[in-house]
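Have a look at the picture first, then read on.

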Amino acid sequence: MHEPVEHVTIDVPEEFVGNVTTLLATRKGTMTDMVNHGTGWVRLEWRIPARGLVGMRTEFMTETRGSGIMHSNFDGYAPWFGDIRLRQNGVLVADRVVTRPATRCSTSNSAACSSSVPASRSTRG
């Protein structure tokens, strides 16, 4: 199975090279070239699956504080790169949480005691 691949060219200030490299590497990108012009800017060239670019613009602008320039072109097809694991947005919410308050029941009468204490439930809201 093959997937579309993009050739990405990025111009970024030197101080953000590490952030951008991490961003693209976690999206299965492969750096093909890096040129430091000596002016404080670095040009990075990457080869990355097209699905790795989905949603990347916002993160790229955040990581470079709006100063990075990114351009991409279709570069053909390549064998599937594998799963791309990205962070999950949102919060984790349990479907059902049951808590029982501490009781002062004896073990001989535990059935009667536990049935008299209602369980509190939290639901999604």
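This is a predicted model: local features need pLDDT of at least 70, side-chain atom pairs count only at pLDDT 80 or more; totals for chains, interfaces and linings use all residues.

- The axes of helix α1 (residues 17–25) and helix α2 (residues 56–63) come within 9 Å and cross at roughly 160°.
- So, going by the cut-off above, α1 and α2 are roughly antiparallel to each other.
- The crossing of α1 past α2 is right-handed.
- On the α1 side, the residues that meet α2 are Asn 19, Val 20, Leu 23 and Leu 24.

- Strands of a sheet pair through backbone hydrogen bonds, either parallel or antiparallel.
- Here, four strands make an open sheet, in the order β2-β3-β1-β4, with antiparallel pairing.
- β2 (30–36) and β4 (69–79) sit at the edges with a single partner strand each, so one side of each has no neighbour in the sheet.
- From one strand to the next, the twist averages 15°.
- Strand β1 (residues 2–13) and strand β3 (residues 41–49) run antiparallel and are joined by nine bridges.
- How does the sheet relate to the helices? α1 lies across β1, β2 and β3, and runs at about 5° to β3.

**Zooming in on Thr 9**

- You'll find Thr 9 in strand β1, and its bridge partner in β3 is Glu 45.
- Is Thr 9 buried or exposed? Its relative accessibility is 18%, so Thr 9 counts as buried.
- Skip the neighbours within four places in sequence, and Thr 9 is in contact with Arg 43, Leu 44, Glu 45, Ile 69, Met 70 and His 71.

**Zooming in on Trp 80**

- Trp 80 has its place in the loop between β4 and β5 (97–99).
- With a relative accessible area of 42%, Trp 80 is partly exposed.
- Which residues does Trp 80 touch, not counting those up to four places away in sequence? They are Met 1, His 2, Glu 3 and Arg 51.
- Trp 80 and Pro 4 are 76 residues apart in sequence, while their C-alpha atoms are 8.8 Å apart in space.

Definitions and conventions
Residues are numbered from 1 along each chain as its sequence is written. Side-chain values use heavy atoms; hydrogens and water are left out. Two strands pair if DSSP finds at least two bridges between them. Helices (H or I, at least four residues) and strands (E, at least two) are DSSP runs, numbered from the N terminus. Axes are lines fitted to C-alpha atoms, for helices over the stretch in contact, and angles run from 0 to 180 degrees between N-to-C directions. Contact means heavy atoms within 4.5 Å. Angles under 35 degrees count as roughly parallel, over 145 as roughly antiparallel, 65 to 115 as roughly perpendicular and the rest as oblique. A crossing is left-handed if the near helix is turned anticlockwise from the far one by less than a right angle, and right-handed if clockwise. Buried means under 20% relative accessible area, exposed over 50%, partly exposed in between (1.4 Å probe, protein chains only).
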